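Please keep the structure open beside you and find each residue as it is named.

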Amino acid sequence: MISANNVSLRFGKKALFEEVNIKFTPGNCYGLIGANGAGKSTFLKILSGELEPTGGDVTMDPGERLSVLKQDHFQFDGYSVLDTVIMGNKHLYDVRQEKDAIYAKEDFSDEDGIRASELEAEFAEMDGWNAEADAETLLNGLGIETEYHYMMMSELDGNMKVKVLLAQALFGNPDVLLLDEPTNHLDLDAIAWLEEFLINFENTVIVVSHDRYFLNKVCTQIADLDYGKIQVYAGNYDFWYESSQLMIRQMKEANKKKEEKIKELKEFIARFSANASKSKQATSRKKALEKIELDEIKPSSRKYPYIDFRPKREIGNEVLTVQNLSKTVNGEKLLDNISFTVGREDKIAFVGPNTLATTALFKILAGEDEPDEGSYKWGVTTSQGYFPKDNTKEFDNDLIMVDWLTQFSDEKDATYVRGFLGRMLFPGDAGVKKVKVLSGGEKVRCLFSKIMIMGTNCLILDEPTNHLDMESITALNNALIKFPGVVLFSCQDHQFIQTTANRIMELTATGLIDKQTSYDEYLESDELARKRQIMNMDRAIEDDAAAEEDAETGE
């Protein structure tokens, strides 16, 4: 168990937390939620001991081990992948290193023998002999194949490093597990594996995530951080949302009844306070009036942007035709003879582990790149709005926000343009801020302003939920659901895909899988196909074994 006791944190005069008291108990997975800037990651740093609070303290039960998902992707570049995972249990790793160093000595003394014996006992007690096997199980589950296990961390790409660091955090059955955005940069298979791991994890988990489906799947409790306080709700994210909304409605209804009672009492007092025969009743009502207190209903610190993609032109029947498209990038063939057509009501989610292939396709369809072979053709009634995964080029200039957005607008009036920035939670004075200094989330919101002001009827969105908070993801999700045009998008948010897409495409090494179905139905059919494949492989192995046995017995 880990507890925060009267924890406060101040930066100058600003208080981020005020006397937070909360206990995180074993057997529960807590989803720590709150608006961007509310202090979720900071609170995890306080729990881990990385950051000291200005008041209060954090306590853990004696002898318990805490594990944290590391964010520095270069910290372990000098170590092998397996060693990096095992370092998740630092004491175990240190014991192994000291033990191995003693055995490597040429002049092995009696003292060394005694010390080695002590270390061997401690190593065995921590189940050290299974450490490498346990680390490999975690890596394989997250999609890091065996060929990478003995490579140096410096040899891996960024996405693989993320998975290794996650395996490190999960290693060794920690008593308390702190995970800050663990699904970032994970493919959907790795996310599904992590969900099952956390569902079966028996100790304490505290997780920050913007993935609503993930929170619904793994969380037993929601810790809501708002206005420097944390309130815990039983249940998952959806249950928290319904409960919090119900609580607000109940408080408003209770206040309404109190206001009606206050009005009634005031009218009686005003009418009869001067009446001698009614003076006692008026005095009694004054006392009753003084006892009535309205519940304080603070508006949430969460802010939802207003995203509304309105096409300037209705889309026709001919939307997009792709024929025999191929593309090789840095020696890797990402697209191989891809063909498909898009209808006017299609909202297509591109899924699968090869995100580079999706990005390559989107760049070509947006006119940002050329195919090596094949062709594509947009219908004459179509117009495209493109959201790139890497938006560096979009903001590599000295323009202020208003001028940057004005270049994409038919209407050049500054007030009109500022209105689109305002919808995305940029106040009026933010318009003079240079776009190159914007944060990741601010740049994403700027791009949505651009797409809205252009009024296109075909949207190409490559990982649009990256860098967004829960409120912005919800607003974007709702906007795409009601958007009357065509959407081609990629995303790692399960709920986002399930509620938006009516068609699923997966770019695989053997070609394109294209199904007119929901995402859940697609996953179900894909899982059944995998099970059938495994069953067929098992049968083939059994048949081979039987054939060998027959050959040996001469039958």
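1. In which helix does D134 lie? This is a predicted model, and in it D134 belongs to helix α5, which covers residues 131-141. With a relative accessibility of 36%, D134 counts as partly exposed, because that class covers values between 20% and 50%. Leaving aside residues up to four places away in sequence, D134 touches D127 and F171. The C-alpha atoms of D134 and G172 are 7.9 Å apart in space, although the two residues are 38 residues apart in sequence.

2. D238 is found in helix α9, which runs over residues 237-272, and its relative accessible area of 37% makes D238 partly exposed. Between the C-alpha atoms of D238 and L215 the separation is 8.7 Å, while along the chain these residues are 23 residues apart.

3. For the chain as a whole, the secondary structure comes to 17 helices and 18 strands. The C-alpha atoms fill a box of roughly 115 × 75 × 60 Å, taken along the principal axes. The chain has 555 residues, of which 45% are buried. Of the contacts with a separation of 6 or more, 67% are between residues 24 or more positions apart.

4. How are the rings of F387 and F448 arranged? Their centres lie 5.3 Å apart and their planes are at 20 degrees, so this pair is stacked. F387 lies in strand β14 (residues 384-387) and F448 in helix α14 (residues 440-454), so the pair ties together parts that are 61 residues apart in sequence. F387 is buried with a relative accessible area of 2%, and F448 counts as buried at 1%. Both residues also belong to one aromatic cluster, which is formed by F309, F387, F448 and F483.

5. R423 lies over the face of F420, at 4.4 Å from the ring centre, and K450 lies over the face of F408, at 4.5 Å from the ring centre.

6. Finally, please consider how one pair of helices packs. Two packed helices are described by the angle between their axes and the distance between the axes. For helix α6 (residues 158-170) and helix α7 (residues 188-200), the angle is about 5 degrees and the axes are 13 Å apart. Helix α6 is therefore roughly parallel to α7, as angles under 35 degrees count as such. At the contact, K163, L166 and L170 in α6 meet A190, W193, L194 and F197 in α7. By class, this contact of α6 with α7 has six nonpolar residues, no polar residues and one charged residue.

Conventions. Residues numbered from 1 in each chain as written. Predicted model: local features only at pLDDT ≥ 70, side-chain atom pairs only at ≥ 80, totals over all residues. Heavy atoms only, no water. Phe/Tyr/Trp six-rings, centres within 6.5 Å; stacked < 30°, edge-to-face > 60°. Helix = DSSP H or I, 4+ residues; strand = E, 2+ residues; numbered from the N terminus. Buried < 20%, exposed > 50% of the residue type's maximum accessible area, 1.4 Å probe, protein only. Lys NZ or Arg CZ within 6 Å of the ring centre and 35° of its normal. Axes fitted to C-alpha atoms, helices over the stretch in contact; angles between N-to-C directions. Parallel < 35°, antiparallel > 145°, perpendicular 65-115°, else oblique. Contact = heavy atoms within 4.5 Å. Nonpolar A, V, L, I, M, F, W, Y, C, P; charged D, E, K, R; others polar.
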